[in-house]
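Open the model in your viewer and keep the selection tool ready. This tour goes stop by stop, and each stop tells you what to select and what is there.

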Amino acid sequence: MAAASASGSGRSTLGTVLFYVFVALFVLVSVAPLLWVFKMSIITKTELFANPPTFLPNSPTATSYGTIFGDERFRKALINSTIIAGVTTVICLFFGSIAAYAIARLRFRFKSLVMTLILAISFFPAVAIIAPLFLQYRTIGIIDTYWAVIITDTVFALPLTIWILVAFFKELPRDLEEAAKVDGATTIQAFRKVIVPLAAPGVFTTAILTFIFAWNEFLFANTFLFDADTQPVTVAIPNFATVYTVDYGAQAAAAVTVTIPLVILVLLFQRRIVSGLTAGAVKG
Amino acid sequence: MTTARGQSGQKKGRGLLREEFGNPERRTAYYMILPALLIILIVAFFPIAYSVYLSLFQANINGVGQFVGLENYVEMFQNDAFLRGLNNTVIFTVVSVFFEFIIGLGIALAINRAFRGRGLVRAAVLVPWAFPTVISAVMWRLMFQDQVGVINYVANAIGIISEPILSDRTLLLIAAIGVDVWKTTPFMALLLLAGLQTIPGDVYEAARVDGASVMQRFFRITLPLLKPAILVALLFRTLDSWRVYDLFWGMAGRELESLSTFVYTGVRISQLQFSVGNAAAVFIFITAFLIAIFFIKVLGMQTSTEE
């Protein structure tokens with residue numbers, strides 16, 4: 001008995017070590033490419049082309065960052081991305097939270113049909129509609145404007161927004177609204193005065209996820225925006241390969257810059273993001 | 001198809017509609033859903049119908065010409081670029097989803113316990129996921145590059161490649177699969193982990209008491225109970241890979257073809273390929289639909305949205 005427990009604890013110590021080695025390896029593989037590209041962005045051109053490559057930067061420099069921030073196209077692309085992702089997030093949250101509240105709380109007959117329609121969008125290959133959308137957007141004259149991308153992004157982000165918000169709204173205690181209604185509040189008032197403040201954390205999580213979605217979107221922006229004045233970073237940066245042909249440091253710096261807001265969001269809100277992402281998938 | 005079903009439903013249920021809208025709570029519910037639903041119908045469902053219509057006509061970026069029936073589809077299947085794209089997409093989807101699932105499941109099983117530094121792991125997992133795919137592609141392209149790329153250097157040094165990675169289409173496809181596995185395995189692991197955490201611990205306890213081995217517990221308990229989460233994750237990833245565009249475009253421009261890059265090239269770059277590109281778009285839509293049906297009907301994925 002004693003021997004068994006001793007060998008058991010011995011194995012578990014080894015197991016723990018192996019486990020942490022595994023975890024460390026996993027974390028390293030996940031973040032190593034970012035760290036390496038960051039290294040590429042802060043070294044000199046000579047070091048960049050060194051053979052064999054250096055492991056740690058010899059003499060860090062911000063030249064590459066100077067190059068891209070000195071480029072008006074890059075600054076403009078950052079602003080464009082912020083506008084597109086910001087406006088998309090606000091619109092999505094407005095329509096999404098209203099619809100999600102109805103789905104989570106109110107009783108109506110075609111609920112599952114509505115949910116199926118909305119969810120169908122997340123399985124929908126967006127590329128299948130770029131031809132007709134391009135023709136339609138040109139007819140109404142919004143090609144090369146933010147709106148072409150904002151409208152399309154909104155539609156494809158809405159399922160995510162609604163899905164996560166429904167999960168959050170369902171978790172809120174029902175009694176509070178019932179009490180508000182007994183006190184004479186209408187459905188809309190109950191929603192605005194009771195649910196919205198309580199749901200703020202959930203709404204905030206959803207906002208982060210929607211923002212990331214819109215910030216990362218590439219296909220629509222690359223289809224509808226050919227004018228550099230309106231292009232977001234996702235379109236501008238791949239084009240840098242032709243602008244800064246051999247300036248790989250500048251390309252690396254640009255790539256690192258646009259991912260920094262995302263890395264910060266992830267580090268600050270990882271717990272919320274995970275709960276938002278898995279809310280629908282598991283409970284569904 | 002959707003409208004046809006809607007209409008017949010309406011005829012049958014006129015009394016039902018009146019009843020639905022007569023009830024104030026239900027009426028409010030419909031008004032609340034309507035804006036979101038309308039924009040989805042107008043911007044997503046209507047264009048797909050228009051896309052199908054358009055694929056039966058000779059069309060270009062400036063307008064719609066004469067009716068040609070299925071000619072665009074015939075031309076599409078004779079187009080070498082389309083066939084290469086189809087081939088690449090099938091290989092990419094099968095191989096990358098396979099590896100993402102196996103590795104993702106392994107990781108999920110390993111980290112399905114409380115341990116120190118869990119938050120750090122979760123954050124690290126989310127980093128690749130949060131990146132724009134096209135920017136990840138640019139980053140990896142820099143590492144695959146033949147003058148400054150560390151991966152190309154190492155692969156060359158140990159002698160597993162004879163030419164630069166970025167100038168060989170087969171190597172490019174392998175590289176793209178690697179990048180996709182790097183980027184989406186963590187997400188797969190996260191979904192599966194969430195599924196694992198819904199399996200009550202006493203089920204395992206009972207099995208252990210009954211003398212079930214590790215393997216038996218895995219195949220008889222974990223896999224069956226995890227099946228719903230597995231199917232959802234697999235369907236998501238399969239459909240995502242099937243429409244791969246950002247990754248290929250960001251890594252190789254027009255060098256690496258997929259179904260989606262073929263559509264994009266037709267619609268936005270090559271004036272003469274507009275009709276064929278649009279036919280390929282409809283092809284992607286129909287095949288994606290069939291993949292979803294396969295998961296739901298054949299593999300028995302649950303789709304109910306009520307708990």
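**Stop 1: the domains of chain B.** Start with the two domain centres of chain B. The C-alpha centres of domain 1 of chain B and domain 2 of chain B lie 36 Å apart. To colour them, select 2-48 for domain 1 and 74-298 for domain 2. Domain bounds like these come from an automatic or database domain assignment.

A word on the model before you move on. It is predicted: local features need pLDDT of at least 70 and side-chain atom pairs count only at pLDDT 80 or more, while totals for chains, interfaces and linings use all residues. Residues are numbered from 1 along each chain as its sequence is written, chains are lettered from A and ligands numbered from 1 in the order in which they are written, and side-chain values use heavy atoms, with hydrogens and water left out.

**Stop 2: the domains of chain A.** Select 2-48 of chain A for domain 1, then 63-283 for domain 2. Their centres, taken over C-alpha atoms, are 33 Å apart. Eight residues of domain 1 and ten residues of domain 2 make the contact (heavy atoms within 4.5 Å). About 650 Å² is buried between these two domains, and carbon and sulfur atoms give 74% of that. Buried area is the accessible area (1.4 Å probe) that two parts lose on being put together, summed over both. Now pick Leu34(A), Ser41(A) and Lys45(A): in domain 1 they lose the most area to domain 2, together 53% of what that side buries.

**Stop 3: two residues of chain A.** Select Glu72(A), in helix 4 (residues 72-105) of chain A. Helices here are DSSP runs (H or I, at least four residues), numbered from the N terminus. Is Glu72(A) buried or exposed? It counts as exposed, at 56% relative accessibility. The cut-offs are under 20% relative accessible area for buried, over 50% for exposed and in between for partly exposed (1.4 Å probe, protein chains only).

Go on to Asp144(A), in the loop between helix 6 (130-140) and helix 7 (146-171) of chain A. Its phi is near 65°, a positive value in a residue other than glycine. Most residues other than glycine have a negative phi. Asp144(A) is partly exposed, with a relative accessible area of 26%.

**Stop 4: inside chain B.** Select Thr185(B), in helix 9 (residues 169-196) of chain B. Thr185(B) is buried, at 4% relative accessible area. Which residues does Thr185(B) contact, leaving aside neighbours within four places in sequence? They are Glu100(B), Ile103(B), Gly104(B), Ile107(B) and Asp180(B).

Now show helix 13 (residues 259-269) of chain B. Nine of its eleven residues are buried, including Phe262(B), Tyr264(B) and Arg268(B). The buried residues pack against parts of both chains: helix 6 and helix 10 (219-224) of chain A, together with helix 5, helix 11, helix 12 (246-252) and helix 14 (274-298) of chain B.
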